[in-house]
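Thanks for coming. I have a few notes on one stretch of a chain, and I will go through them in order. Please have the display open.

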Amino acid sequence: MEDEELAESLFVAQQPGNIRIISNGVGSNDTSASASGVTVVLLLSAFVTACSAFTGGFVVGYSAPAESGILADLGLSTAEYSVFGSTMTIGGMIGAVISGKLADIIGRKNTMWILDIFYIMGWLAIYFAKGAWLLDLGRLSLGFGFGLTCFVAPTYLSEITPKILRGGFTSVTMAMIPFSLTVAYLIGSVVNWRALALIGAIPCLLLLFGLFFIPESPRWLAKIGREMEFEAALQRLRGKNVNTSEEAADIKDYTENIQQISEDKILHLFQQKYAYQLIVGIGLMVLQQFGGLYGFAFYMDEIFELAGVPSIIGFIVVSIPEIPAIALGSILIEKFGRRTLLMISATGECLGCVLTGLSFLLQSLNWWKEATPTLVLSGILVFKASYSLGVGAIPWIIISEIFPINVKGSAGSICNLVNWFCSLLVSYTFNFLVEWSSAGTFFLYASMSGLGVLFTAKLVPETRWRTLEEIQASLITHS
């Protein structure tokens, strides 16, 4: 009973007439620069975090263009190469399980140090590999780093960024994953697999260098009681001439009060007061993966081959809209909100899968076969642009926003693990589904994206223009 009363007091504290007055989603008592200023430190922090996400996408995209070279140079069998591909997912799931707790114990920044070490070790192991065992070890290490990245990157950014910039900054950063996946395909078509591994290590080195110059998350510092460091980190992020006293007071008050409710343990998540957030978080992870991204990502060559499209032409064409889509998404996310953009993005994914499925259906019926390559390219182009617009980033943004800091680690680990498990299901079942029906496979993905639109419209909360404390206090009382 005391927990419910405290949660209610937290919610009331965020309402008009109390801590801050909300008008059209913007705190009217905010110091303007504190609320919306872009500083060099903030930009550098976002860039460093984006390097970790870019590396993760490069890891996913590496195996397809490297396959023929590795098989020829090292004499691996197809089965051995399949093990090499799947070890990334195993490493990712291990990283996902510990990501939340690790980031809570040692901090967001220190977790990025660790994931970067695993990234660098992984790329070097692959580069120097003379046989299957070192290849697999390197891929496992890369997957582990990527598993940590999926939680800590959006969490760190959401905790350091002003509320009216949070969506755009995090959107661009997490969109680096699908973008770098395509970059890996394109570069891999013109360099050998060892050179591609060294190129994959370049953003890791940028991350390593940048970590020396960025602050720890102020909200994490507040949570563990390092008050002076908390205030110093917040001041660096907002600018030395900005008055951060009001923002700092709000963060400290909320953090102190929310930690009285319960500690960060997995079992505490399965209480009624967190049920809504958990349903939303897990549902968004399922939506992101069951739309079929990894089916497209891991088997792009096979899709182009089935459609009679030269791979290099296909990769170039489908990569063209990604940068404009990422830029557009970062702008529209604060203009139209997370929910609206997510529904638009999932609808576009649905359309892309329908076009791709339709091309294979016409091919199987021997109707209008000359149009198959155009329809396939159009479908993949629409799918990847739509994914980059919203579905690739927004689920991670919302998950980093909706869970209170006292359960964020455990909740993030669960959602992260669900995401990796769903990606494993999609990548494992893709070939079986294509053998059953090429057209049916993409129509199935289209139906999942359609269900995602309904799920978003019905259950996903809008979080734009609100501080993390305002979002989380309101959601505690939702159930």
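In which loop is asparagine 366 found? It sits in the loop between H17 and H18. Keep in mind that this is a predicted model. Asparagine 366 has a phi near 60 degrees, which is a positive value in a residue other than glycine. Its relative accessibility is 54%, and the cut-off for exposed is over 50%, so asparagine 366 counts as exposed.

H17 covers residues 338–364 and H18 covers residues 372–391. Their axes come within 8 Å and cross at roughly 165 degrees. Angles over 145 degrees count as roughly antiparallel, and H17 and H18 are therefore roughly antiparallel to each other. The crossing of H17 and H18 is left-handed. By class, the contact between H17 and H18 has 17 nonpolar residues, 11 polar and 1 charged.

Next is helix H19, residues 394–402. Helix H19 is mostly covered, with 9 of its 9 residues buried. Among the buried residues of H19 are Trp396, Ser400 and Glu401. Several isoleucines are on that list too, including Ile394 and Ile402.

Last, a second residue with positive phi. Tryptophan 465 has a phi of about 60 degrees, although it is not a glycine. Tryptophan 465 is in the loop between helix H21, residues 438–459, and helix H22, residues 468–476. Is tryptophan 465 exposed or partly exposed? At 25% relative accessibility, tryptophan 465 counts as partly exposed.

That is what I have.

Definitions and conventions. Residues are numbered from 1 along each chain as its sequence is written. This is a predicted model: local features need pLDDT of at least 70, side-chain atom pairs count only at pLDDT 80 or more; totals for chains, interfaces and linings use all residues. Side-chain values use heavy atoms; hydrogens and water are left out. Axes are lines fitted to C-alpha atoms, for helices over the stretch in contact, and angles run from 0 to 180 degrees between N-to-C directions. Helices (H or I, at least four residues) and strands (E, at least two) are DSSP runs, numbered from the N terminus. Angles under 35 degrees count as roughly parallel, over 145 as roughly antiparallel, 65 to 115 as roughly perpendicular and the rest as oblique. A crossing is left-handed if the near helix is turned anticlockwise from the far one by less than a right angle, and right-handed if clockwise. Ala, Val, Leu, Ile, Met, Phe, Trp, Tyr, Cys and Pro count as nonpolar, Asp, Glu, Lys and Arg as charged, and the others, Gly among them, as polar. Buried means under 20% relative accessible area, exposed over 50%, partly exposed in between (1.4 Å probe, protein chains only).
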